[in-house]
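Subject: Structure handover

Hello,

Here is the structure we discussed. My notes follow below.

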Amino acid sequence: MNIWGYVIRRLLYIVPMVIGITAITFFTVFAAAGNPVAIVEANDPELPQATLNALINYLQLNRPPAIQYLNWLWNVVHLNFGVSIQSGRPVSDIIWSWAWTTIYLQLAALAVSVALAIPISVYAAKRRNSLGDFVITGVSVFGISAPVFWVGEMLIILFAYDLGILPAGGAHSLNAVWPWSLGDYLAHLVLPAAVIAYFNLGLYVRLLRSRLVEIMQSDYIMALKAMGTPERITVYKHALRNAITPVVTFVGLALGTSIAGAPVTETTFSWPGLGYEFVRAITNLDFPVILAIVFLISVMTMVSNIAVDILYVYIDPRVRVS
Amino acid sequence: MVTETVRRKSASQFAVALRRFRKSKAGLVGLGMLVFMCVLAAIGPRIAPYNVNSNNLLLQGDTDIPPTWLKPPLFHDWAFPFGTTVGGLDVFSGVLVSLHVDIIIGVGAALFAMALAILVGLVSGFYGRVVDTVLMRVTELFIVFPALLFLLLLSRLLAGRLSGVETLLFYIIIIGVFSWATNARLIRGEVLRVKSLEFIESEKALGASTTRIVFRHILPNVLAQVVVLTSFTVATSILTEVALFFLGFGSGNILSLGEIMYLNFPYMDVEWWAELFPGLSVVILVLAFNLLGDGLSDALNPKLRE
Amino acid sequence: MEPTLQVESLRTYFYTEAGVVKAVDDVSFSVRPSTIHALVGESGSGKTVTAQSILRIVPKPGRIVGGRIVFEGRNLLDLDERQMRMVRGRRISLIQQDPTATLDPMFTIQDQLVEAIMVTTELDREQAKKKARKLLEDVKIPGPENVLKSYPHQLSGGMRQRVAIARALAGNPKVLIADEPTTALDVTIQAQILELMRSLRDEYGLSIILITHDLGIVAQVADEVTVMYAGKVCESGSVDDIFHSPLHPYTQALLLSVPRVDKRIKLRAIPGNIPDLVQPPQGCRFHPRCPYAVERCSQEEPGLEKVGSQADHTLPSRSVYCHRFREIKLEVV
């Protein structure tokens, strides 16, 4: 059907976008920080000349900026992201080891927030203006108003320092081995995932609840009631299905923002992910790493947007016709 | 004739909206909190009991130093309601003194972002076709851009070179630059909706000029949404700004709530109050703008009867 | 003949912030078997709220505060929710005004019909699918196979309304309440839907309560009519009687405000506005706009007056609520 044409078009569209974003990042760094060679030297003044020269050659650091960018782009197409100017490790290695932890943290948070959002919103919408609804809306608006890291800190203080039942940071203990120490991994996952989920839950519940309230007043819901349809079917099959369509798009966008916002949560929990690494890279102006992370996160955001748009087509029959 | 009706309509619409706002619990609470925080921020620096030096929280040579490392009133002294830190910072004074920075940056960034958003949204929605396509592509770029990452980068590169007021302006601009895009899209949507309303057609038929249509008719109708969006944008701007500072990418020469939290983060296990109270202040501030936004939304976009 | 459905002194009020809206205030009428009974009135007269009251789906802040609704030997207002659910869709059905919004846009016609059938009858899914097809045939939809597979937005307004009717018939109800079923449709489709209703009345013995503000529809298709104004009944009787010899000034005013093809008459709009239902006029609610009003009309509410022979039960009863109906000689239109 035409859906594949649409998907291909959207995927192709990622290319100019990513080029735009990485180019802007690239040129900003050089416009503000100047000569890349100087950056390298400032980073590590004791770098031996030979290593420095090798670095310059490998990363083409002595060419004009535009050429350097095109060179980087060319390498990226061949999946070569260069080397870290700080450690000399290939960037793809670095990214590979950090990316997974970010991904599974975000997915865990996403799963929890989506799973909880539905029953909570339905409850709040059905018992509108009741005490329960009031509490839920209050907690939701608090969730979107509190800085994620602050909530994280408070939970760490409570559960890790005071109660001592959960770890204060990191993805796993030093001697934990995957997959046997699953419990250990999960214990470390709880707080950061909960914090991200709480924030997103606030957003989803606010949106879904208001959509549900609106939908419950519509004609077809009234018609179902007039037919004696059990409430279970009216709410979960019909109202929810109609209410959820914009929420799906919203979840996709929120996921993108969440991934991009990883630096904050990961710093708070010393979580070894892309965000944490990004903060380090920025501090040292380790530009190959910076560029690679910007690239990756942009691609991840755009792909999740497209995935959500496609999902939307499946969910809403009215969109399918074209 | 037509302008008269539109103006009269706007005047009474305003009165109606005001009445609805007064009924909105969220709106009133939000407004109250906001007023309180603004007053506190304004008089803060004057009533703070201790000096707070943003460059170095370890006060040296200062005669009036609070005792160090005190817990808040539950355990100790009401003279230090929020406790103090090892470094000699009275958290209460710290909060009072830095509150206005967060407000200024948040509001400034939001206003800047909304100005851009209105401009792009109006032009794009109204003129359509090529202009619309081009502007929407640009907007899309800014939406997809990993904002926080780039903000961190910009801060790292440029913030150190600035001082005082310049720093505030810097943060206002860079945060604003990454907040306008989503709003622009929303405003454009609203402009399109209003554009298709019948009375615009009749205005065109009467021969009204383009500027007249845009400013006299489209803008007032879009204004409701703009006001609501602004309030929410301030909320997100403050959160962004606090996150930036918390990660250590403040410029180091202005003190804000986020900066206090950054400086005390390593000592969180022993001085949790130095994280709690500044954070709580941020929550109250952001909550105020979110509730206000809700109240404005109820007042200006009435949904079906509750 | 025993009436199928009898509404007696129904009162439904809305408790709003602005005050108590007396949307339906002492409304009575009877619906006989195999009859199309029209409920006529301007917007705000309480017609829709009456329909909602019969099915007891009045939305908050509304509440039924008094009266009886007698159906199949029971007072519907006495039933608990569980019993009421056995009535809705199975004995009494409703179709609404806007065919665009009355079907869920997310599900196919087959999904929705099968669901309706399974909710209102004991059939299993396979039997329900067959019945769904038959229902579409009953409402004279051509090419039912394709329609079953379609989504509501792919169908025209007229088709959607037919589907809505089919859905309402899923449980083999005795009474069908149609709330302005043709207002959102254009005239040619309107005629088809009305024709469909006539055939449903004839073939299945359905009683149809047809709610409308359009006298033309009443003339075309209704057998009996109840005229409502501001939450109250003005008069009730057979369409012939009401149209040719109206007894209530409001009915006459309505008839005079509709253009006619066969006669040249002077169109007269009814002066004044619909009253505020929170603070309705004292006495007869129509008196501020009534050309025949006297002192008594502004002080005393008119009560039910039955007209004509009560002995012959094959004829519909005729009733009117007006102090002066015997004295006023209304123009025959």
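Helix α1 (residues 47–55) of chain C lies across β1, β2 and β4 of chain C. The helix runs at about 75 degrees to β2(C). Axes are lines fitted to C-alpha atoms, for helices over the stretch in contact, and angles run from 0 to 180 degrees between N-to-C directions. Helices (H or I, at least four residues) and strands (E, at least two) are DSSP runs, numbered from the N terminus.

This is a predicted model: local features need pLDDT of at least 70, side-chain atom pairs count only at pLDDT 80 or more, and totals for chains, interfaces and linings use all residues. Residues are numbered from 1 along each chain as its sequence is written, while chains are lettered from A and ligands numbered from 1 in the order in which they are written.

Now the sheet in chain C. Four strands form an open sheet, ordered β2-β1-β4-β5, with antiparallel pairing. (Two strands pair if DSSP finds at least two bridges between them.) β2 (19–31) and β5 (74–75) of chain C stand at the edges with a single partner strand each, so one side of each has no neighbour in the sheet. β1 (residues 5–16) and β4 (residues 62–71) of chain C are joined by eight bridges. Arg11(C) has Gly66(C) as its bridge partner in β4(C).

The UniProt record, an unreviewed entry, annotates residues 5–255 of chain C as "domain: ABC transporter"; such annotations may be inferred rather than shown by experiment. Over residues 5–255, chain C is 39% helix and 28% strand. The end C-alpha atoms of that stretch are 27 Å apart.

Next, a helix pair in chain B. The axes of α10 (residues 257–264) and α11 (residues 273–300) of chain B come within 9 Å and cross at roughly 160 degrees. That makes α10(B) roughly antiparallel to α11(B) (the class for angles over 145 degrees). Residues in contact have C-beta atoms, placed from the backbone, within 7 Å. On α10(B), Leu257(B), Ile260(B), Met261(B) and Asn264(B) take part. Their counterparts on α11(B) include Ala274(B), Glu275(B) and Pro278(B).

Last, chains A and B. Their contact takes 38 residues from chain A and 34 residues from chain B. α1(A) gives the largest share of chain A's side, eight residues. By class, that side has 25 nonpolar, eleven polar and two charged residues. (Ala, Val, Leu, Ile, Met, Phe, Trp, Tyr, Cys and Pro count as nonpolar, Asp, Glu, Lys and Arg as charged, and the others, Gly among them, as polar.)

Best wishes

Technical notes: Angles under 35 degrees count as roughly parallel, over 145 as roughly antiparallel, 65 to 115 as roughly perpendicular and the rest as oblique. Two residues are in contact if their C-beta atoms, placed from the backbone, lie within 7 Å.
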